[in-house]
Amino acid sequence: MDSVISVLVRTGIGLASVLLLAIVVEKAFSARLDPREPPLLPSKLPVIGHLIGFLRYGSAYYMQLCRNNDLPIYTINMPNGKTYVAGSTQIVTVIQRNAKTLSFDPILTIVAERLGGITGRHLHILREIESGGDGAHRKLVHAMSPSLTGRGLDMMNTPMLKDLEGFLNELEGQHVAFDLWKWTRHVISISSTDAVYGPENPYRIDNDQYEANFWTYESNLTMLLVNVYPQYTARESYRQREWLAERMIDYYRRGAWKRGSLMVQNRCQTGLDNQVPIEAIARLEVPGGTGILSNTVPTAFWTLVNILSRQTLLAEVRQEVEKVFTVEKQPDADAGAGAKEVWTLDAAELRTKCPLLFSIYQETLRTRASFASPRYVLEDTVLEGRYLLKKGSILQIPSASLHNERSQWGDGAQDFDPYRFTQKSMVKRSPVAFRVFGGAPALCPGRHFATVEVLCFVGMVVTRYDLSPASASASTSATAVEPWILPPPNYGNMAASILPPLGDIAVKVSTRKGYEGRKWQYKVTSLSSEEESLFALASEGVENAQDSLTRAGVGLWK
Ligand code: HEM
């Protein structure tokens, strides 16, 4: 008994000492804060309180802090140093004007080293110039943008849509319940990566083994990012990373990249021109998979279930999308002397003539985004003449707090309103209020590709099929009707800006009555430059985007 008491007493003294030490450190930290720096936001548990919040909720934690505080920008104390959190459109507008000193590039280096496993001389070549490197990684990223618009985009859309066609045809033969999340993940993973990597797509290796290993790696990045002897502390994801890297190195060494998309070719050629060894180019593709897939897959999933779970909305979307199909009769051997109807969905028309579907897509992104854009402060920077950001600190911009700002989105800012982007809003909105694809200097180059893919996937699924939830008890019954219960987001995922669901969602599928026996296909037509600017969204030539959207009658901005 005595020994139990003495253990309790010792533990109590130990905890009290740790707490005391933490309070002293926190006090010392606040004393070091320059009065011009954003105000300090203490955590309930000194020193590690914010870290615990971050580990629990990921980037969504920054949004929660913003929601509970009225400050446009503040400072929090993290074990790795000072972090500023900017959560108002007003301050983010100013931040974007300071893109030279508030840089994304050191983050690219962290990604290359910790998530790609690149070290030594190879890392030095990639590292940002401001930290003494050769700056090649930024060049590789810049090389992507031109190949993800115009002809390069069409070249990727063609195989991606061909794959979608095949996967969606297979659903006709699906007579047992299946997990809608895992199915969507597989369909989008293979369709996207076939488009990116071409006929020798590594994701298809060994019966899609690369795909399976990639998702295990992707969902366990935290300890790799922490980077303390990752071979021991992040054993599983470290092993997956190396396995994935080996396959990518093989793809590049064989020259398979020359048969891939313009995006892959441009990246690789730019790397070679800048003395980046082929092994390092290949290794970058491992975390590169998170760029291509980690947001597109959940966006496709949530957009789809946002529609399927609302019967009236589903009927409206079907009516809208059906109008853009062209229908032709084709002689059909299976139908004897009869002819088969061929229903063709033009990807460009879907993008420009379906304002409701496009609105639901944007609203899904707005309400589901939980990402914080990280920026590294390269030089002391003063915002609005009053907030000093000190060199060497990290700045986080949680998009979700901008997406919930009532001055920008009105009283229903937190509600999912499928019609939000179809109307001319009465609220005058800042261009940075919608920040799903980030902003200068790191605006997402893949947004056009992702937009086409998600709209085409969702538009075709809802037109062809009835999908309904199947509970475990009724999973094989064709008649039971279950209410949709959407899974919660997985806050533990560090890779995604649009969080994946936590858990399964079993559904059953059948071809819609009256829609059987048709042939379904997509058609790729190029976007006009005006149409492309529909997808410019936030921050990319903000003024131009706003003009084009207004001309096109899309109520994104006012
Ligand atoms: C719905 C799908 C997608 C969403 C929501 C999304 C979102 C984002 C966000 C929030 C950022 C960070 C920007 C910042 O920090 O300001 C980003 C960057 C990036 N994304 Fe995407 N993304 C999507 C699809 C894609 C696709 C399909 C690709 C590639 C084909 C891609 C490639 C990239 C790259 C390379 C960057 C880094 C840009 C830079 O450093 O300049 N993304 N994306």
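1. Let me start with the two domains. The C-alpha centres of domain 1 and domain 2 are 32 Å apart. Domain 1 covers 33-102 + 383-403 and domain 2 covers 143-304 + 445-528; such bounds come from an automatic or database domain assignment. Domain 1 gives 4 residues to the contact and domain 2 gives 4 residues, where contact means C-beta atoms, placed from the backbone, within 7 Å. On the domain 1 side, the touching residues are 2 nonpolar, 1 polar and 1 charged. In this scheme Ala, Val, Leu, Ile, Met, Phe, Trp, Tyr, Cys and Pro are nonpolar, Asp, Glu, Lys and Arg are charged, and the others, Gly among them, are polar.

2. A word on reading the values. This is a predicted model, in which local features need pLDDT of at least 70 and side-chain atom pairs count only at pLDDT 80 or more, while totals for chains, interfaces and linings use all residues. Residue numbers start from 1 along each chain as its sequence is written. Helices (H or I, at least four residues) and strands (E, at least two) are DSSP runs, numbered from the N terminus.

3. How do α9 and α23 pack? Helix α9 (residues 150-170) and helix α23 (residues 447-464) meet at about 25 degrees, with axes 10 Å apart. Axes are lines fitted to C-alpha atoms, for helices over the stretch in contact, and angles run from 0 to 180 degrees between N-to-C directions. The two helices, α9 and α23, are therefore roughly parallel; that label is for angles under 35 degrees, with over 145 roughly antiparallel, 65 to 115 roughly perpendicular and the rest oblique. From α9 the contact includes Leu153, Met156 and Leu164, and from α23 it includes Phe449, Val452 and Arg464. By class, this α9 and α23 contact holds 12 nonpolar, 2 polar and 2 charged residues.

4. Now α9 against its other partner here. The axes of α9 and helix α10 (residues 180-197) come within 8 Å and cross at roughly 150 degrees, which makes α9 roughly antiparallel to α10. Met156, Pro159, Met160, Asp163, Leu164 and Phe167 of α9 meet residues of α10 including Val187, Ile190 and Asp194. The α9 and α10 contact has 9 nonpolar, 2 polar and 2 charged residues.

5. On to the sheets. An open sheet of 3 strands runs in the order β5-β6-β13, with mixed pairing; strands pair if DSSP finds at least two bridges between them.

6. β3 and β7 (residues 372-377) are antiparallel over 2 bridges, and Ser103 is bridged to Tyr376 in β7.

Notes: Two residues are in contact if their C-beta atoms, placed from the backbone, lie within 7 Å.
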